Amino acid sequence: MTRFKTLGQFIIEKQAEFPFAKGELSRLLRDIGIAAKVVNREVNKAGLADILGDNGTENIQGEGQQKLDVFADKEFIEALSNGGECCMIASEEHDECIRINTQVSKNAKYIVCIDPLDGSSNIDVNVSVGTIFSIYRRKNFDNEVSQEEILQQGTEQVAAGYIVYGSSTMMVYTTGKGVNGFTLDPSIGEFCLSHPQMKIGQDPHMYSINEGNYAHFPQGVKDYIKYCQQIDEATNRPFISRYIGSMVADLHRNLLKGGIFLYPATASYPNGKLRLMYECNPLAFIVEQAGGKASNGKSRILEIQPQSMHERTPIFIGNIEMVEMVEEYLIRGVKQPVNT
Ligand code: P6P
């Protein structure tokens with residue numbers, strides 16, 4: 001039986017690929033992995049502990065916070081604060097950035113944007129949820145780290161990843177040299193390399209979108225959905241529709257099997273629902289590294305210049321040919337399907 005390789009061993013092994021690395025990023029990734037194990041323990045017994053349901057509070061988005069949301073946020077902030085490699089955190093659960101002013105962290109070189117528990121409305125119905133994180137290098141060491149340092153384009157990310165708490169718990173991340181997936185082995189409490197050098201599925205036949213918003217979709221998206229549903233053997237259509245309502249779970253399935261996830265502008269979310277800094281940018285980095293594409297319908301997600309920490313964006317992410325097909329419909333705004 002081949003021995004497994006743990007996340008910690010893998011990170012140290014890969015550190016050698018970064019000649020100037022002194023181990024800070026490695027430590028930061030390990031800190032995230034540890035917090036993920038703690039959150040996983042609570043997610044897996046959520047039905048038993050008094051940790052289900054609403055926390056009775058709201059986040060900046062005006063969304064009710066689930067108890068597990070708040071727990072996950074606290075765990076990741078604690079792990080990042082104590083690890084000493086992160087000087088500031090932008091969390092979905094907090095209006096403002098959190099500066100980590102401890103002696104050991106205030107000069108740290110990394111900034112983390114995080115959605116501690118994405119899809120949390122699914123927790124009470126036992127549907128997979130996830131954590132999404134994005135790591136940037138601090139640019140200015142002359143003064144105390146400022147909120148503005150969060151507003152870096154996605155192309156500036158040094159690492160990004162997600163944890164999906166599903167039938168098994170997996171951590172998937174990239175540092176810009178490919179994507180690797182680690183499955184948590186509960187018998188030893190370690191994330192073990194299970195999906196080396198992940199590439200997006202090369203049989204793109206799935207689309208993920210909340211069709212309940214159909215009436216308000218841009219015409220190009222309506223035309224694309226029609227394209228997906230047409231019968232055409234040569235292009236493997238009609239495609240399969242799969243939508244979990246938990247972005248990490250939908251994205252993870254499409255990454256493994258091939259497909260596209262779409263969250264366009266809708267009546268409720270005229271700029272799209274998903275947040276640029278801690279949902280779209282990290283997942284776009286991963287999908288691009290795995291050979292896919294991520295667009296807001298006009299341009300590359302990673303090249304959007306953020307204006308605010310919690311800004312939202314439409315997102316079309318998955319196999320290149322599927323994303324480019326959506327872009328074609330949107331840009332041409334065709335009433336008739338393009339040459340199908
Ligand atoms: P809708 C979960 O609340 C989330 O932020 C993503 O994880 C998910 O993809 C999306 O919202 C679902 O939104 O409007 O389809 O319920």
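At 6% relative accessibility, Asp 118 counts as buried, because the cut-off is under 20%. The model is a predicted one. Asp 118 sits in strand E5.

An unreviewed UniProt entry lists Asp 115, Asp 118 and Glu 279 under "binding site". They span 165 residues in sequence, yet no two of their C-alpha atoms are more than 8.5 Å apart, so the three gather at one spot.

Asp 115 also lies in strand E5, which runs over residues 110–118. Its relative accessibility is 0%, so Asp 115 counts as buried. Leaving out residues up to four places away in sequence, Asp 115 touches Glu 92, Gly 130, Thr 131, Ile 132, Tyr 278 and Glu 279.

| Residue | Relative accessibility |
|---|---|
| Asp 115 | 0% |
| Asp 118 | 6% |

Glu 85 is placed in the loop between helix H3 (67–83) and strand E3 (86–91). Glu 85 is buried but has no salt bridge. How far away is the nearest side chain of opposite charge? That side chain is Arg 27, at 4.8 Å; a salt bridge needs a nitrogen–oxygen pair within 4 Å. Beyond four places in sequence, Glu 85 is in contact with Glu 24, Arg 27, Leu 28, Ala 108, Lys 109 and Tyr 110.

**The C-terminal region**

UniProt lists residues 202–329 as "domain: Fructose-1-6-bisphosphatase class 1 C-terminal", again in an unreviewed entry. This stretch is 36% helix and 12% strand. Its end C-alpha atoms are 22 Å apart.

Helix H7 covers residues 320–332. Its 13 residues reach 18 Å from first C-alpha to last, close to the expected 18 Å. Buried in H7 are Met 322, Val 323, Met 325, Val 326, Glu 327 and Tyr 329. Just after H7, Gly 333 takes a positive phi of about 55°.

**The whole chain**

The protein has seven helices and 15 strands. Its radius of gyration is 20 Å, close to the 20 Å given by the globule rule for 340 residues, so the protein is as compact as a globular protein of that length. The C-alpha trace spans about 60 × 50 × 45 Å along its principal axes. Of the 340 residues, 55% count as buried. Among contacts with a separation of 6 or more, 64% join residues 24 or more positions apart.

Technical notes:
Residues are numbered from 1 along each chain as its sequence is written. This is a predicted model: local features need pLDDT of at least 70, side-chain atom pairs count only at pLDDT 80 or more; totals for chains, interfaces and linings use all residues. Side-chain values use heavy atoms; hydrogens and water are left out. UniProt positions are given in the numbering used here, feature names are shortened, and annotations may be inferred rather than shown by experiment. Helices (H or I, at least four residues) and strands (E, at least two) are DSSP runs, numbered from the N terminus. The expected span of a helix is 1.5 Å times one less than its number of residues. Buried means under 20% relative accessible area, exposed over 50%, partly exposed in between (1.4 Å probe, protein chains only). Lys and Arg count as positive and Asp and Glu as negative; His and the chain ends are not counted. Contact means heavy atoms within 4.5 Å. The radius of gyration is taken over C-alpha atoms; the globule rule is 2.2 Å times the number of residues to the power 0.38.
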